[in-house]
Amino acid sequence: LTSITIPFVGARADGTGATHFGYIFGASSYSNNSNYVPETLKEVIITGGTSIGRYAFDGCSGLTSVTIPDSVTSIGGWAFSECSLTSVTIPDSVTEIGYRAFYECSDLTTINFQGAKAQWQAIEKGNDWDVDTGEYTVICTDGTISKANA
């Protein structure tokens with residue numbers, strides 16, 4: 001398994017309870033993601049849901065690419081911590097990115113934001129949302145933003 005398309009992350013589309021990705025593989029909590037999510041899984045495409053919960057993909061070390069749908073408005077704290085993400089696609093519907101959401105995503109090079117630079121700057125970002133990430137570039141519909149200015 002190298003790629004998967006899912007309707008939402010966790011047990012329910014409304015983002016309540018069991019909001020960790022490993023749930024679909026049998027993990028009882030986010031702390032078990034790394035034990036249940038196949039290391040061969042590189043790409044996740046999400047087609048629905050309203051949020052990416054806290055710790056949703058925490059420890060999914062094989063994961064290199066995630067696409068988030070237009071229906072999502074928030075990305076929780078630690079959502080992608082310790083992932084090997086090189087790219088993530090974030091819709092312009094996102095208004096909040098939580099504390100350390102991309103913590104230790106040291107391979108991150110590209111954030112594909114599906115809105116304008118002003119919209120990216122307007123997103124409420126938690127402290128250290130991008131601490132210990134790679135030197136990424138945010139690609140917006142009207143230009144790019146470097147990590148230093150994100």
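User: Where is Asp 142 found?

Analyst: Asp 142 sits in the loop between β10 and β11 (143–146); strands here are DSSP E runs of at least two residues, numbered from the N terminus. A quick note: this is a predicted model, where local features need pLDDT of at least 70, side-chain atom pairs count only at pLDDT 80 or more, and totals for chains, interfaces and linings use all residues. Residues are numbered from 1 along each chain as its sequence is written, and side-chain values use heavy atoms, leaving out hydrogens and water.

User: Why is Asp 142 called partly exposed?

Analyst: Buried means under 20% relative accessible area and exposed means over 50%, with partly exposed in between (1.4 Å probe, protein chains only). Asp 142 has 43% relative accessibility, so it counts as partly exposed.

User: Which residues is Asp 142 in contact with, leaving aside neighbours within four places in sequence?

Analyst: Those are Ala 116 and Lys 117, where contact means heavy atoms within 4.5 Å. Asp 142 and Lys 117 are 25 residues apart in sequence, yet 6.5 Å apart in space, C-alpha to C-alpha. The backbone nitrogen of Lys 117 is 2.8 Å from a polar atom of the Asp 142 side chain.

User: What makes β3 (51–52) and β9 (124–125) edge strands?

Analyst: The open sheet runs β3-β5-β7-β9, with parallel pairing; two strands pair if DSSP finds at least two bridges between them. β3 and β9 each have a single partner strand, so one side of each is left without a neighbour in the sheet. β3 pairs with β5 (residues 74–75) over 2 bridges, and Ile 52 stands opposite Ile 75 in β5.

Terms used
Helix = DSSP H or I, 4+ residues; strand = E, 2+ residues; numbered from the N terminus. Polar contact = N/O pair within 3.5 Å; in protein donor to acceptor, adjacent residues only side chain to side chain.
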